[in-house]
Amino acid sequence: MSGLSSYLLSTLSKVGGIGGSGIPDFHFTIGDKVEQDTGNSIWEQHNSLSTNGKREATVFVYNKARGSSYTAVAQNALKRMRTLRHPGILRYLDGAETADAIYIATERVTPLSLSLDSDGCDDELKRWGLYKIVETLRFVNEDCKLVHANVSTASVFVTKAGEWRLGGLELVDVLSGDPSCSQIYRHYTAAIPGYAAHMSPEIQSLSWGSVEDGKLGAIDGWGLACLIYQVYNGTLTSAAQLHAQGTIPKALWPMYQRMLVTDLRRRLTPSELLQSALRPHSFFDSEFIRTSIFLENIAVKEEDEKAKFFSGLASVIEGFPHIYCKFKILPELLKLMEFGGGGAKVLSSIIQIGKGLNEEEYNEHVSPAIVQLFGSNDRALRFSLLEHIGSFIAAIPTSVVSKKVFPDFVTGFMDAAPAIREATVKASLTIAPKLGQKVLNNDLVKQLVRMIADPEPGIRTNALICIGKLCTAKKGVLDLEDGGVSESSQRYVICPALLQALRDPFPPVRSASLAVANACAAKWDPVDIARRVIPTISLLLVDGEKPVRVAALKAINAMVARVETHSQDMPDTAMKKVASTPSNIATAASASSAGGKQSDIVSAPGSSTAASMNAQTEAAANMAAASDGWSGWAVSSLSNTISGALSLASSLPISQQQQQTSLDIQAESAGTGGTSVNPVNSKPFSTVAAASAAPKVNDTSSGWEFNDDDWEGNTGNAWDEDDDWDTEISTPNNQPTAISPTSPNTRGPSSGRKSGGMTMTSTIKPSAAIPSTPPQAPVTKTPLKLSKPALKKPGLSGSNTTTTTTTTPPTGTQRRKGLGAMKLGGGSKSPALPDDLF
């Protein structure tokens, strides 16, 4: 609806004179009047805006009620404003003439007299302003063949950038020769307020012949001298004041005097002044003017000239007037960057100028251009952005950084150029405060962790340093939003990466990793520190580099202190207590009647009953079967539990089949001469029996009574701790070794367990099935050859018949199996443990 309204108002203003200003075909409003010296101009100056409110302007209003002479010069001004276009002439935007007034809309300007009175012009701006007026007069005289004839402070205006514009075109006309031209400057000089103070001698004396014979532009040369005097010395009331130097610069004074010569053929014209003042060490020879001239003509400059110019621009603009840099140089540079020119060197100048802008101005002019530059593919430009990011990122809103800047910023981590990757890592600390916690933890931290594996060692080191600073950020130093790096990121993302970096071959990387680990230890899990971090750091205590060793010692002390603090807060034991119930007591009583005396069971406080102990025994047996092939047990508590269970089960009676097998073995042993050889150990049974009679050691530290080979009246083949499968077995000469078939429930020397400090091994493969009732194979006797090597460990063959080299114990003794020596408080009368229990 608003668009339709604007269209209707625009249409009506064109056909019926209705518009925002109420003036036909005029698209600017009439705003506040600009205060100026009374009587200096026939125009009233107003600040205004375009009817759509998007463009600032200045509107000059002439009231026709002043008289016909004034109306003639006002109409001439409107005519010349429409036809003359030059960067130094006041820019014409719109104009209209009604029955009552004349309206001229131009760019927003202020009178030079007001600017001089407010000390808004410094010396450089005055110098540059005079250059612009001189160059514009040269254009009017030489190119347009016109004469201005009204040069003074009243005809010069100043833009918001501090540049001077030439106006006051009321008397502009051709010099002579054209009959159709009225040569208005000859007839209407009296219509210009205050014109007598700066009127040239030839106009005052009406010497038009000398004007026609003189040089083109001589009249404007006199007016230019009057302007120079007013700029440096103030108000001009008569021509007699012009010969006083006052504060006119010495470099300009000789040329100024030549412009006051009465002879028009010898008077210095604006074109001649421009040539003389641009010479080396002359008035217009300054860095500020050369820079401004180059910027105005940059479109026609060569690339090498541009590169040379922009390489030194950032260093020279520091001394330029701030208002000029802000409204003149900065727009030119931004325009240049928008069309892909200048590159990184232009960016440094933009950033330099942007330091003097307030937040509103920065967001209006600089921020949009910089945000757009982050998407550039020019590596030099991107490197310059990353290098100077600290000077402009603070002025860009957080939402813009997260949505527009960071997606292009993060691509630098994956760039093929190492310089870009390193600059991106360093810039992470600067951009981090402008990111939310989600983006910080999910994107930035993970990218930095990925850079720990970068091929360049310097990048790896810098990535670790950045991670450490992010994790230890403090208010006032690095203000991160919402608490910074989360604890989960430090534990599950950063910690594993640091453990990997501790093995880096580059010493600074290891040192940096230790420093970060030391800083992050307070937020890591103490269990992870004890199990993963401390073992890894301990390797660096003997590192080849001293800085690494020192850092490792410092870090490990911090880790140990962290674990020690956590250990003091842990409970004394992790074992769960089982409450005593009537059912548990009844179960314990039944177990006592079946296995012996109740006093044989030693119960620790909080321990379970016999029923629970049987469940533990079954679980231990299953574990032993599943882990066949282990070299031994290392957990003594589990061994004690199994030992107690086996001793408790030893109260069961020996089966009839096993007794028959024992008698057969005794018979075989009687035929060998009464001496039996143990296949496991070459010692005779008498030696083993003597060893078993040694004092026993009871271990009741865990509540279980442990007796090693303590069974009275019996001898056995209890495995000694020093048993060696490869020990050569020796027998008397010409004495054959008895070979008997292995009973179904008899374990060979190839299986074993560790209990009570004994080492047991097993070579039986789970895949080989042992027949429950093997066939009775004939017994063969083969004498051992002393030259043969020691017997190897027997194993299961592919057939169903298993033969084992064994010995027969002496007559009258009961054969026992290994673990039968362990019991749970049993006596000498306890029955033997059957082998078919497992």
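Predicted model: local features only at pLDDT ≥ 70, side-chain atom pairs only at ≥ 80, totals over all residues.
1. Four-stranded sheet. Strands β1, β2, β4 and β3 make up an open sheet in the order β1-β2-β4-β3, and the pairing is antiparallel. The edge positions belong to β1 (44-49) and β3 (92-97); each has a single partner strand, so one side of each is left without a neighbour in the sheet. From one strand to the next, the twist averages 20 degrees.

2. The β3/β4 pairing. Five bridges connect β3 with strand β4 (residues 101-106), in the antiparallel sense. Within β4, tyrosine 103 is the residue that alanine 96 stands opposite.

3. Three-stranded sheet. A further open sheet has three strands in the order β5-β7-β8, again with antiparallel pairing. Here β5 (109-111) and β8 (164-166) are at the edges with a single partner strand each, so one side of each is left without a neighbour in the sheet. Neighbouring strands are turned by 40 degrees against each other on average, with direction ignored.

4. The β7/β8 pairing and its helix. Strand β7 (residues 156-159) and β8 run antiparallel and are joined by three bridges. Valine 156 has leucine 166 in β8 opposite. Helix α4 packs on this sheet, where it touches β7 and β8, and its direction makes about 25 degrees with that of β8.

5. Second largest pocket. The volume of the second largest pocket is about 1,400 Å³. Its lining consists of 41 residues, of which Arg91, Phe327, Pro331, Glu332 and Lys335 are the closest to the centre. Two or more lining residues come from each of β3, α4 (123-143), α10 (287-296), α13 (322-338) and α15 (359-373). The largest share, ten residues, is from α13.

6. Sorted by class, the residues that line the second largest pocket comprise 19 charged, 17 nonpolar and five polar.

7. Aromatic pairs. The count of aromatic pairs comes to 18. One of them joins tryptophan 43 and tyrosine 62, with 5.9 Å centre to centre and 65 degrees between the planes, an edge-to-face arrangement. Which parts of the chain does this pair link? Tryptophan 43 is in the loop between α1 (2-16) and β1, while tyrosine 62 is in strand β2; the two are 19 residues apart, and the pair links distant parts of the chain.

Conventions
Residues numbered from 1 in each chain as written. Heavy atoms only, no water. Pairing = 2+ DSSP bridges. Axes fitted to C-alpha atoms, helices over the stretch in contact; angles between N-to-C directions. 1 Å grid on protein atoms, 1.4 Å probe; cavity = no way out; pocket = protein on both sides within 12 Å on 5 of 7 lines; lining within 4 Å. Points joined across faces, edges and corners; volume = space filled by probe spheres on them. Nonpolar A, V, L, I, M, F, W, Y, C, P; charged D, E, K, R; others polar. Phe/Tyr/Trp six-rings, centres within 6.5 Å; stacked < 30°, edge-to-face > 60°. Contact = heavy atoms within 4.5 Å.
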